[in-house]
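Here is a short briefing to read alongside the model. Have a look at the structure first, and then we can walk through it together.

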Amino acid sequence: MDYYEILGLSKAATAGDIKKAYRKLALKFHPDHNKGDKTAEAKFKQINEAYAVLSDAKKRRQYDTYGANGFHKRFSQEDIFRGFDLNDILNQFGFGGASFR
C-alpha cells in the first residue's frame, strides 16, 4: 500500500500538506460518520497508518528510502504506531475515547 496515494499526496508533500490531507480524510471516513460501513472503517485504518508513518520524519525517510515493501519488511504494526497517539488527534476533531488500530 502506498501511503502517499492513500492520502492523495505526492512525495514532495510538506508536513502541513500531510496533516491537512489526513484531517480531511479522517473526518470523511471516521467510523462515527459511517456507522456499520466496513469499507469506510478499513479506509480509516489505512489513513491512520499512512499518517503515522508520513507524519514522523524518521519513519518517512525510511519509507521513502525502502519503498512500501521494504519498509514493511523492516517495521511491524507496533513500530509504525509507536509514538502515534490516535486518540489525541481524534480529540482535536471532537471525537475521543476509542482506539481504531
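Among contacts in the protein (heavy atoms within 4.5 Å) between residues at least 6 apart in sequence, 58% join residues at least 24 apart. This is a predicted model, in which local features need pLDDT of at least 70 and side-chain atom pairs count only at pLDDT 80 or more, while totals for chains, interfaces and linings use all residues. Residues are numbered from 1 along each chain as its sequence is written, and side-chain values use heavy atoms, with hydrogens and water left out.

**Overall make-up**

- The protein has six helices and zero strands; helices (H or I, at least four residues) and strands (E, at least two) are DSSP runs, numbered from the N terminus.
- Read from the N terminus, the order of elements is α-α-α-α-α-α.
- Of the 101 residues in the protein, 40% are buried; buried means under 20% relative accessible area, exposed over 50%, and partly exposed in between, using a 1.4 Å probe and protein chains only.

**Helix α3**

- The 17 residues of α3 should span 24 Å at 1.5 Å a residue, and this agrees with its end C-alpha atoms, which are 24 Å apart. The expected span is 1.5 Å times one less than the number of residues.
- Buried residues in α3 include A40, F44 and I47, and also the run N48, E49, A50, Y51, A52, V53 and L54.
- At the start of α3, the backbone nitrogen of T39 has a side-chain oxygen of D37 within 3.0 Å. For reference, a polar contact is a pair of N or O atoms within 3.5 Å; within protein, one must be able to donate a hydrogen and the other to accept it, and residues adjacent in sequence count only if both atoms are side-chain atoms.

- N48 lies in α3, which covers residues 38-54, and counts as buried because its relative accessible area is 1%.
- A polar atom of the N48 side chain lies 2.9 Å from the backbone oxygen of F44.
- A50, also in helix α3, is buried, with a relative accessible area of 0%.
- Which residues does A50 contact, leaving aside its neighbours within four places in sequence? They are Y3, I6 and L7.
- A50 and M1 are 49 residues apart along the chain, and their C-alpha atoms are separated by 9.0 Å.

**Packing of α3 on α4**

- Helix α4 (residues 57-74) packs with α3 at an angle of about 135°, and the axes are 9 Å apart. Axes are lines fitted to C-alpha atoms, for helices over the stretch in contact, and angles run from 0 to 180 degrees between N-to-C directions.
- That angle makes α3 oblique to α4, since angles under 35 degrees count as roughly parallel, over 145 as roughly antiparallel, 65 to 115 as roughly perpendicular and the rest as oblique.
- From α3, the contact draws on E49, A52, V53 and L54, and from α4 on K59, R60, Y63, F71 and H72.

**R82**

- R82 sits in the loop between α5 (77-81) and α6 (86-92), and counts as exposed at 53% relative accessibility.
- R82 and V53 are 29 residues apart in sequence, with 9.8 Å between their C-alpha atoms.
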